Amino acid sequence: MRHLTGQDEIAFHGATGPTGRHARLAGLVAGLGLGEADLLPGLSLAEWEGLLLDLLVALDGPRIDAEARCSACGVGNSLIFPVRDLPREPAASPVLNGRALHLHLADLLALEAEGLEGEAGLSRLLSAATDLGKAETVRQLRGPDRDAAILALEQAAAGLGLEIATACTGCGEPITLPFDVADYVDAGLRNRAQRLLDEVHLIALSYHWSEAEILSLPHARRQDYLRRILASQVLSAGTGRAEGG
């Protein structure tokens with residue numbers, strides 16, 4: 001795996017356009033050498049989430065730091081746990097009308113590329129998961145077994161089906177939340193990208209390098225320069241106070 005650079009991170013800045021999170025993450029996974037671009041679409045969603053967990057460890061280390069707010073008392077709870085504790089084996093495939101449902105990354109990429117949501121998105125996913133024709137999936141979603149179809153589809157789209165369970169530190173109420181790996185990794189990278197422009201600005205002011213030069217730096221090297229800049233600013237501020245006194 002090659003080092004993450006600002007050029008990789010900047011792709012997640014203002015990520016509200018037509019490119020969906022799975023497409024962004026697949027581009028990053030391939031670009032960093034964690035997977036071959038041609039093979040990624042054929043991954044099952046469980047395999048895809050497992051690869052994203054590997055990406056998460058490579059970017060942020062072996063521990064997940066998250067927060068969950070208790071719906072009972074409103075207290076925020078820190079959730080800290082090792083990535084290795086998360087299971088990598090998917091649950092059994094859900095079954096609908098005697099037919100097992102299977103989804104692959106290619107199905108989510110197609111959904112994002114076409115911008116399908118709502119009923120159109122459900123119909124497209126159900127067709128992909130069951131190999132049923134469009135007319136049959138529409139009938140399934142409009143029939144008396146609609147709720148069963150949607151539940152089975154949600155289970156098929158859940159990948160590893162990960163959940164985080166804890167007890168509220170405020171009231172002791174149990175908290176169980178689904179853990180969407182793609183959403184978590186994408187949100188973390190979008191947060192990095194938000195900070196990136198400020199980092200580029202500060203380094204450019206200090207060293208007069210171009211944006212392209214700064215973005216080409218590995219993430220860890222960029223942080224080394226930022227620490228030196230901030231330490232120098234603190235030292236200068238302290239010297240100024242001493243002289244003023």
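How many residues line the largest pocket, and which of them lie nearest its centre? This is a predicted model, in which local features need pLDDT of at least 70 and side-chain atom pairs count only at pLDDT 80 or more, while totals for chains, interfaces and linings use all residues. Residues are numbered from 1 along each chain as its sequence is written, and side-chain values use heavy atoms, with hydrogens and water left out.

**View 1. Lining of the largest pocket.** The lining consists of 45 residues, with Leu45, Leu108, Ala157, Ala158 and Gly159 nearest the centre; a pocket here is an open set of points on a 1 Å grid over the protein atoms alone, where a 1.4 Å probe fits, with protein on both sides within 12 Å along at least five of seven lines, and lining residues have an atom within 4 Å of a point. Its volume is about 1,100 Å³, taken as the space filled by probe spheres set on the points. H7 gives the largest share of this lining, six residues.

**View 2. The second largest pocket.** About 190 Å³ of space lies in this pocket, and H5 and helix H6 (134-142) each supply at least two residues of its lining, helices being DSSP runs of H or I with at least four residues. Among the lining residues are Glu114, Arg124, Lys134 and Arg142.

**View 3. Arg222 in helix H10 (residues 219-244).** Arg222 counts as buried because its relative accessibility is 1%, where buried means under 20% relative accessible area (1.4 Å probe, protein chains only). The side chains of Arg222 and Glu9 are joined by a polar contact of 2.9 Å, that is, a pair of N or O atoms within 3.5 Å, of which one must be able to donate a hydrogen and the other to accept it, residues adjacent in sequence counting only if both atoms are side-chain atoms.

Key: Buried means under 20% relative accessible area, exposed over 50%, partly exposed in between (1.4 Å probe, protein chains only).
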